[in-house]
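Please read it alongside the sequence and structure shown here.

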Amino acid sequence: MATAAAHAHPLSSISKPVGDWVHSIAELTQPEAIHWCDGSDAEYRQLMTELQQSGELLKLNPEHFPNCFLARSHPSDVARVEHLTFVCTTNPEDAGPNNHWMAPADAHAKMRELFKGCMKGRTLYVVPYCMGPIDSPYSRCGVEITDSAYVVINMALMTRMGRAALERIGREGSFVKGLHSTGELDPNRRFIMHFPEELAIESFGSGYGGNALLGKKCHALRIASYQARNEGWLAEHMLIVGLQNPQGETHYIAAAFPSACGKTNLAMLIPPGSMPGWKVFTVGDDIAWLHPGPDGRLYAINPEAGYFGVVPGTNPKTNRNAYEMIRRDTLFTNVALTADNDPWWEGLEGGTPVIDWQGRPYDTKHGPAAHPNSRFTVSAKKNPNYSPEADSPRGVPISAIVFGGRRRGVAPLVYEARDWNHGVLVGASVASETTAAAIGEAGVLRRDPMAMKPFAGYNFGDYWNHWLAIGAKLKHPPRIYHVNWFRRDANNKFLWPGFGDNLRVLEWMLKRCAGAAEATETAIGYLPRAKDLNLAGLDIAASALEQLLSVDAREWRTEAADMGRYMDEFGARTPAALRAEVQALQQRLA
């Protein structure tokens with residue numbers, strides 16, 4: 001397909017900046033052929049066929065999983081590599097202690113050596129894409145150059161990719177430049193470089209989604225967060241979900257949780273049977289771009305067009321919508337296989353793995369059958385709860401912003417911030433136990449402000465200041481909440497059932513937004529009493545509720561002191577208003 005006219009392209013509307021850049025990269029990387037992606041169904045089918053013929057994709061059981069495929073990545077290339085991810089700003093202070101920094105000139109020189117001749121014998125794919133609805137003023141475009149057809153098919157599912165994006169770039173002139181090569185998949189020659197001041201990304205040596213799908217975390221969060229600060233909006237690691245109550249009123253919330261803390265489950269929440277009349281609509285499951293609207297409210301778009309979700313734990317009980325969605329037209333990565341050639345992962349009810357994620361006969365001594373960070377990629381439109389508002393150019397108005405993490409103790413089930421500035425502290429002090437989505441030890445508690453620790457493209461001190469500035473612009477800011485679905489008792493058992501029952505907590509939030517629910521004022525914010533929550537049909541002990549809705553002042557004094565120490569890491573860049581919020585919290589706790 002791609003070998004015919006090595007440097008020709010069939011697409012019209014290619015702007016000179018795009019054409020010149022592609023030409024310069026082709027001279028550097030020396031590909032055998034260049035293919036300009038048009039985003040058509042025919043192109044997608046052709047790429048899938050080629051990947052099957054090369055053995056990179058395995059077709060799954062067409063009877064049970066129609067049009068589903070399995071890809072396996074190199075065993076050393078299965079997660080984001082935060083220690084090899086750099087933000088390259090002229091001034092190291094602008095990247096901040098929350099990022100690894102390298103001088104732009106040094107980073108460019110290092111990457112130039114890696115990219116030199118790296119595509120010999122390979123096809124260079126030019127992938128123009130739009131993050132967000134193609135006709136939304138809130139959307140932004142990019143072009144990814146890659147030598148991986150696996151990346152192309154993922155980008156086709158995850159973004160608005162192809163001709164329309166290229167035409168928009170031609171009209172606007174600006175775009176994010178993303179250059180990617182799998183290289184030799186050598187962990188010692190693997191780097192992901194971000195150049196916010198140049199709106200550019202360079203990624204070498206990895207084929208894993210978070211490192212290789214440059215429209216996702218690299219563009220939609222690290223580069224976009226920098227763009228957002230300059231342009232007066234927010235690029236956040238947040239789901240967007242619409243909740244319609246039995247009276248027919250729909251409100252939208254945006255929620256930020258670190259990876260594998262239940263974001264996809266909340267985005268696709270299914271109301272419990274004891275809450276009839278409620279409907280849930282998924283706008284996005286991972287990233288939100290939030291803009292002050294003309295009416296003084298905050299409006300959100302989902303820049304993505306698909307899901308790149310963690311598979312383990314997904315079953316009809318934990319997330320029925322996700323489970324139904326990924327049973328057709330899905331690309332699986334690093335899952336196991338059954339004897340029937342069905343995909344299998346830990347937490348799946350039924351089936352027996354016979355081949356593990358590395359393609360070996362399954363043996364428990366090798367560890368889990370599916371990799372703990374194995375993934376599915378699927379178009380968002382396959383979700384039974386898909387909201388047409390995901391394609392709305394104006395976005396959706398946000399009533400509430402929710403932060404949360406995985407905490408065994410300290411944080412109650414839910415509390416409401418006192419106001420926007422206090423809410424920024426609540427978001428800035430999010431802490432969670434680490435998961436398998438990033439390389440490193442799991443189960444360690446770390447601060448993850450706004451769930452953006454791996455993704456903010458600039459200094460957290462400046463980032464918090466920008467949040468405070470956005471709040472000051474809003475006549476009707478969303479209320480801000482913190483949730484903890486993961487609190488445990490003395491026997492290490494979860495106190496809250498979670499999943500669909502989380503709607504009970506969200507219902508209280510929305511009633512609070514409408515001025516129709518009570519709360520108790522505490523030192524840390526406003527908490528519901530047990531009688532303020534809809535507990536109809538819920539089997540939960542009064543003692544469990546008491547624990548879930550309690551604030552231990554002694555534990556929180558320790559927590560507040562730790563928050564203060566964390567803010568100190570960012571020195572003079574930490575906003576005075578945020579330090580004042582920490583001091584006010586400490587005074588209330590005293």
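Rings of Phe, Tyr and Trp, the last through its six-membered ring, are taken as a pair if their centres lie within 6.5 Å; planes over 60 degrees apart make the pair edge-to-face. The model is predicted, and a search of the whole structure finds 19 aromatic pairs.

**Aromatic pairs**

- Tyr458 and Tyr463 have ring centres 6.1 Å apart and planes at 70°, so this pair is edge-to-face.
- Tyr458 is buried, with a relative accessible area of 1%, and Tyr463 is likewise buried, at 1%.
- Trp464 and Phe570 form an edge-to-face pair, with 5.1 Å from centre to centre and 75° between the planes.
- Because Trp464 belongs to helix 12 (residues 460–473) and Phe570 to the loop between helix 15 (553–568) and helix 16 (576–589), their pair ties together parts that are 106 residues apart in sequence.
- Both Trp464 and Phe570 are buried.
- Through ring pairs, a cluster is formed by Tyr458, Phe460, Tyr463, Trp464, Tyr566 and Phe570.

**Charges over rings**

- Lys217 lies over the face of Phe455, at 4.7 Å from the ring centre.
- Arg406 lies over the face of Phe486, and here the distance from the ring centre is 4.1 Å.

**Largest cavity**

- The largest cavity holds about 70 Å³ of space.
- Its lining consists of Arg407, Val410, Ala411, Tyr415, Val426, Ser429, Val430, Ala431, His482, Trp556, Glu559 and Met563.
- Helix 15 supplies the largest share of the lining of the largest cavity, with 3 residues.
- Divided by class, the lining of the largest cavity comprises 8 nonpolar, 2 polar and 2 charged residues.

**Second largest cavity**

- The volume of the second largest cavity is about 50 Å³.
- Tyr415, His422, Leu425, Val426, Ser429, Ile524, Trp556, Met563 and Leu585 line the second largest cavity.
- Two or more residues of the lining of the second largest cavity come from each of helix 11 (420–428) and helix 15.
- Helix 11 gives the most to the lining of the second largest cavity, with 3 residues.
- The lining of the second largest cavity has 7 nonpolar and 2 polar residues, and no charged residues.

**Second largest pocket**

- About 750 Å³ of space lies in the second largest pocket.
- The second largest pocket is lined by 32 residues, of which Asp41, Tyr44, Ala156, Leu157 and Ser379 are the closest to its centre.
- The elements that give two or more residues to the lining of the second largest pocket are helix 2 (41–54), helix 5 (149–158), strand 8 (160–161) and strand 23 (375–379).
- Of the elements, helix 2 gives the most to the lining of the second largest pocket, with 7 residues.
- The lining of the second largest pocket divides into 14 nonpolar, 9 polar and 9 charged residues.

- Cys88 is in no disulfide, and the nearest cysteine sulfur, that of Cys218, is 12 Å away. A disulfide needs the two sulfur atoms to lie within 2.5 Å.
- Cys88 is buried, with a relative accessible area of 1%.
- Cys118 is also in no disulfide; the nearest cysteine sulfur is again that of Cys218, at 16 Å.
- Cys118 is buried, with a relative accessible area of 12%.

**Positive phi values**

- Most residues other than glycine have a negative phi.
- Val410 has a phi near 65°, a positive value in a residue other than glycine.
- With a relative accessible area of 15%, Val410 is buried.
- Phe499, which is also a residue other than glycine, has a positive phi near 50°.
- Phe499 is placed in the loop between strand 28 (479–483) and helix 13 (502–513).
- Phe499 is partly exposed, with a relative accessible area of 38%.

Technical notes
Residues numbered from 1 in each chain as written. Predicted model: local features only at pLDDT ≥ 70, side-chain atom pairs only at ≥ 80, totals over all residues. Heavy atoms only, no water. 1 Å grid on protein atoms, 1.4 Å probe; cavity = no way out; pocket = protein on both sides within 12 Å on 5 of 7 lines; lining within 4 Å. Points joined across faces, edges and corners; volume = space filled by probe spheres on them. Helix = DSSP H or I, 4+ residues; strand = E, 2+ residues; numbered from the N terminus. Nonpolar A, V, L, I, M, F, W, Y, C, P; charged D, E, K, R; others polar. Buried < 20%, exposed > 50% of the residue type's maximum accessible area, 1.4 Å probe, protein only. Phe/Tyr/Trp six-rings, centres within 6.5 Å; stacked < 30°, edge-to-face > 60°. Lys NZ or Arg CZ within 6 Å of the ring centre and 35° of its normal.
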